[in-house]
Amino acid sequence: MTELERIDRQNIWHPFSPLAGNKPIPVEKARGCYLYTTDGRKILDAISSWWVNIHGHGNPAIAQAIADQARELEQVIFAGFTHRPAVQLSELLMRILPSCMDKLFFSDNGSTSTEVAIKLSIQYWYNRGDRKRKVIAIEGAYHGDTFGAMSVGDRGSIFNVPFKDLLFDVEYLSFPDEKGSDVIAQMKNLATEDTAAFIFEPLVQGAAGMRIYEARVLDELISIAKSRGILCIADEVMTGFGRTGKNLACDYLEQDPDIICLSKGITGGFLPMGVTAVSKQITAGFDSTDKSKAFFHGHSYTANPLACAAAVASTELLLTSEVQAQISSISKSHKSYIKQFRFIEKVASIKSQGTILSIELPVEDSGYVSHIKEKIYDYFMERNLLLRPLGNVIYLIPPYVITTKELKTIYATIDQFLSDL
């Protein structure tokens, strides 16, 4: 054990990891798709380090934007002040958001972007003199780890069980896989006059195992909600910024949500940031000189200039024809792999949506803590591939700079794992 590792184990509590037996790997630097460890390993990061490094590690354009901004303005209170990077970012985001979006509220991570959305949707009705409180979510949902976000997440999830009795009541729809008509009927029953909001991860449930469902079904659910005056919240924290093959997963929909949550890929993985975009309908409920109708929510690092500068550079890259072509190429590679897949009898399902590929293994204890999780992780790490499975689900969500050759290497290693299984 190196001195760095010893001090780490002595002082640091790592996320989503048991304290006992945790042995984090020291990383010295990262470039493109690769992590370089202090002991000389070169590990291919096929999950974009928790889905954030959309342009790969160490992107020079984003790094330069942060360096330039750091010499001018590193931080300023955002209550009563503004700055150029935030304004530039707002213009860029409005280009990719639905036309009904009117304002952006900045926060500092995915959980807080959904927390803001939930609070806004409930206060919207409060400001109108209507005490609507009920929220509808989808079974298996993961919207973050703060209390509001946990409340609209899956109650049986290992993330939320210890806090179950402290969370506010939520009504749940079945996951809309092949049961589309059943879910539509459920929504019609649940969408009552006391419902404030319907929150969903559009097209792909991330932490639940990259579960993919059809835009057609989601459009119907949103349509029912809107017909009954219910606000619709799209949690695009994971699906945004090209992950599903389009800039936003909502781009596949006919119906526009009222609120969109963004984070993860927004800064290209350089700095934390969250954004909650709201429609004109929402802002109309707050546009008043009456202070009791103001949204009293904020964060010390709201719209941090360095994070905004990183997000501007990352979003400008995303919108280039080169990156759009890379996204398309990854999507086509995944589809080609599925078409030629040789291990159907060994998997429960294999699906893709844009740059996301998921392979579910058929085990009795499916879920985040499945017994096979560590076996999968160790197998690929021994071969210098970072694939952090979601329980019994192997998935890829690579940086857009990954090459076809690198993808083929990953596919071949997955094939070998399934052959050895």
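Strands S13 and S14 form a hairpin with two residues between them, and Gly354 in the turn has a positive phi of about 65 degrees. This is a predicted model, in which local features need pLDDT of at least 70 and side-chain atom pairs count only at pLDDT 80 or more, while totals for chains, interfaces and linings use all residues. Residues are numbered from 1 along each chain as its sequence is written, and side-chain values use heavy atoms, with hydrogens and water left out.

**Strands**

- Strand S13 (residues 349-353) pairs with S14 in the antiparallel sense over five bridges, where strands are DSSP runs (E, at least two residues) numbered from the N terminus and pairing requires at least two DSSP bridges between two strands.
- Within this pairing, Glu360 in S14 is the bridge partner of Ser349.
- S14 also pairs with S16 in the antiparallel sense, over four bridges, and Ser358 stands opposite Tyr395 in S16.
- Four of the five residues of S14 (residues 356-360) are buried, that is, under 20% relative accessible area with a 1.4 Å probe and protein chains only.

**Leu387**

- Leu387 lies in the loop between strand S15 (385-386) and strand S16 (393-396), and Leu387 is buried, with a relative accessible area of 1%.
- Leaving aside residues up to four places away in sequence, Leu387 touches residues including Tyr377, Phe380, Tyr395 and Ile414, a contact being heavy atoms within 4.5 Å.
- The C-alpha atoms of Leu387 and Tyr377, which are ten residues apart along the chain, are separated by 6.3 Å.

Terms used:
Buried < 20%, exposed > 50% of the residue type's maximum accessible area, 1.4 Å probe, protein only.
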